Amino acid sequence: MSNHGKAKAVSAGKYKDNADFARKIRSGEFKIAVYGLGHVGSPLASVWLRAGAHVIGVDKSPEVLENARKGSTHVPEPGVNKAFSKALKENRFFVYSDPIRASHDSHFKLICVPVLLTDSFSADLDAVKQVAATIGRGLKKGDVVSLNPSVPPGTSEDIVVPILEEESGLKVEHDFYMVYNPERIYEGRAIEDLEKRYPAIVAGAGAKSLEIGAKLYCLIAKKGVIKMHSIRTAEAEKLLEGVYRDVNIALANEMAKFCESVGVDFWEAREAANSQPFCHIHKPGVGVGGACIPVYPQFILNIARMMKVDCNLTSFGRSVNNSMPAYCVRQAMKLLDGVDVSKCTIALLGLAFRGGVSDTRLSPTYKVIEELKKLKVKQIRVHDPFVRSDANLPQDIILTSNLSQAVKDTDLVILISDHPEYRNLTQEELDSTAVYDGRGVLDKSRFAAGRFASIGRPS
Ligand SMILES: NC(=O)c1ccc[n+]([C@@H]2O[C@H](COP(=O)([O-])OP(=O)(O)OC[C@H]3O[C@@H](n4cnc5c(N)ncnc54)[C@H](O)[C@@H]3O)[C@@H](O)[C@H]2O)c1
């Protein structure tokens, strides 16, 4: 059990009967169903497949199901396609569109559907509720259910368990087991993260659920599991990870702006400061996107509002980070120095919320576009090496994966996502176009004086 000191992981070796469990999983006697084959579900399914399990993949999207049946996924996550294809050949990977049948046919059910925000900034739990209801209809004695998305504390016990009990007529801890395991992955290296990088966090609806959950996750997490005293604490743990990063990025943003205004290079100062072991300043940037970091603080703030608890720092961090797209656009516009923007063409580099991924959810690029539209810029082009189409972009925006085409005859380029492709850009490739680096990744010495500015660097 974790105590007030350092959280300690329990290693697989603790469970002497795990060999029998592993045998049942490999023989298909104990089948696993993964609900939601997205950024989290497909690597998680892959990890179980790589451990020799028999896995049923379930999704509501016909396209995702069709891809999975061919052994592929829309999520560009290393190792997933290989794991799917190999297990299809070995007849260990099954793709179902019927979630109730998947529950009937499986013994361990993993809920990996998204929990984003409603328009009023509370957690949108609709997909979790739908999946819980269908799992409940196929639930059997001895089954184990695991909730994996990041959720507001109380979701497993107050929402998921009651749905499962009502739909199945079974009782948690007596007839079936409920586990919470928040995913700790960084897109682009998810399989490695799940298998090797971190211990798995596991909590249960009671002592039996916790024991069985710990045994299961010990089979895939080489660093073992951290067993938590309560599901609520485990749910809060994951939100704390996100809030820490959001507030830290807000601090980096504030300090970057301060450094710019006093003529100091923030990046050099940060590197030196972080050489001190108590200092871990994150990176500033044009905005915080993705389905995680900007979302989790809102779960906390929403509950804090209801409970009348002050979470001012969390709230302020969000506002600082939300203000960054507009700030960066203002800074970038200074490079145009009085030119009539209604005659300007601007290229935005990157639509993915960060470099190296194709995920566009809550990408700061959308906010930069909104700001540029307010200024009535003549034409906006968006380049991304991984995103080929995007229904969320306004109709008049040109999206291309051809970089030279994107930057040709533009007045200004704004770097938004730190895709590795952009790092070696030079002024020569851009003619006289001005460049604003919203991630601080470009080498200033490769650009003409007066034509370049960057977050965190004195102009
Ligand atoms: N993406 C990350 O890096 C990451 C990291 C850690 C935790 N998480 C957590 O995991 C959650 C899931 O995120 P994701 O990135 O995998 O989402 P995603 O959108 O990539 O994938 C979710 C999948 O679930 C499917 N789905 C949605 N509703 C469904 C339903 N009712 N029935 C069956 N399938 C359904 C979708 O079609 C999609 O394929 C997030 O909300 C977040 O809390 C995400």
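Does K376 count as buried or as exposed, and at what relative accessibility? At 61% relative accessibility, K376 counts as exposed, where exposed means over 50% relative accessible area, buried under 20%, and partly exposed in between (1.4 Å probe, protein chains only).

## Basis of the report

The structure is a predicted model, in which local features need pLDDT of at least 70 and side-chain atom pairs count only at pLDDT 80 or more, while totals for chains, interfaces and linings use all residues. Residues are numbered from 1 along each chain as its sequence is written, and side-chain values use heavy atoms, with hydrogens and water left out.

## Loop residues with positive phi

K376 is found in the loop between α14 (364–374) and β12 (379–383); helices (H or I, at least four residues) and strands (E, at least two) are DSSP runs, numbered from the N terminus. The phi of K376 is near 60°, a positive value in a residue other than glycine.

N91 belongs to the loop between α4 (80–89) and β3 (93–96). Its phi, near 55°, is likewise positive in a residue other than glycine. With 53% relative accessibility, N91 counts as exposed.

## Buried strands and their partners

In strand β14 (residues 412–415), both faces are covered: L412 and I414 on one side, and V413 and L415 on the other, are all buried. Strand β11 (residues 345–349) pairs with β14 in the parallel sense over 4 bridges; two strands pair if DSSP finds at least two bridges between them. Within this pairing, A347 stands opposite V413. Strand β15 (residues 434–437) also pairs with β14 in the parallel sense, over 4 bridges, and Y436 of β15 is the bridge partner of I414.

Strand β8 (residues 177–180) has both faces covered as well, with Y177 and V179 buried on one side and M178 and Y180 buried on the other. The strands β7 and β8 run parallel and are joined by 4 bridges. Y180 in β8 is the bridge partner of L147.

## Helices and a buried loop residue

Helix α2 (residues 41–50) is largely enclosed by the rest of the structure, because 9 of its 10 residues are buried. The buried residues are G41, S42, P43, L44, A45, S46, V47, W48 and L49. Just after α2, G52 takes a positive phi of about 95°.

F21 has its place in helix α1 (residues 18–27) and, at 11% relative accessibility, counts as buried. The C-alpha atoms of F21 and L216 are separated by 8.1 Å, although the two residues are 195 residues apart along the chain. S150 lies in the loop between β7 (144–147) and α7 (155–168) and counts as buried at 6% relative accessibility. Its C-alpha atom is 9.5 Å from that of G242, which is 92 residues away along the chain.

## Surroundings of the ligand

There are 24 residues around the ligand, of which H39, V40, D59, V115 and R361 come nearest; a residue is counted here if one of its heavy atoms lies within 4 Å of the molecule.

Polar contacts are pairs of N or O atoms within 3.5 Å; within protein, one must be able to donate a hydrogen and the other to accept it, and residues adjacent in sequence count only if both atoms are side-chain atoms. A polar side-chain atom of H39 lies 2.6 Å from an oxygen atom of the ligand. A polar backbone atom of V115 is 2.8 Å from an oxygen atom of the ligand, and a backbone N or O atom of K60 lies 3.1 Å from a nitrogen atom of the ligand.

On a 1 Å grid over the protein atoms alone, a cavity is a set of points where a 1.4 Å probe fits but cannot get out, and lining residues have an atom within 4 Å of a point. The count comes to 2 cavities of 30 Å³ or more, where grid points are joined across faces, edges and corners and a volume is the space filled by probe spheres set on the points. The largest cavity holds about 100 Å³ of space. It is lined by 13 residues, of which N181, E183, L194, P199 and A200 are the closest to its centre.

The second largest cavity has a volume of about 50 Å³. Its lining is formed by H39, V75, P76, E77, E187, G188, G356, V357, S358 and D359.

Note on methods:
On a 1 Å grid over the protein atoms alone, a cavity is a set of points where a 1.4 Å probe fits but cannot get out, and a pocket is an open set with protein on both sides within 12 Å along at least five of seven lines; lining residues have an atom within 4 Å of a point.
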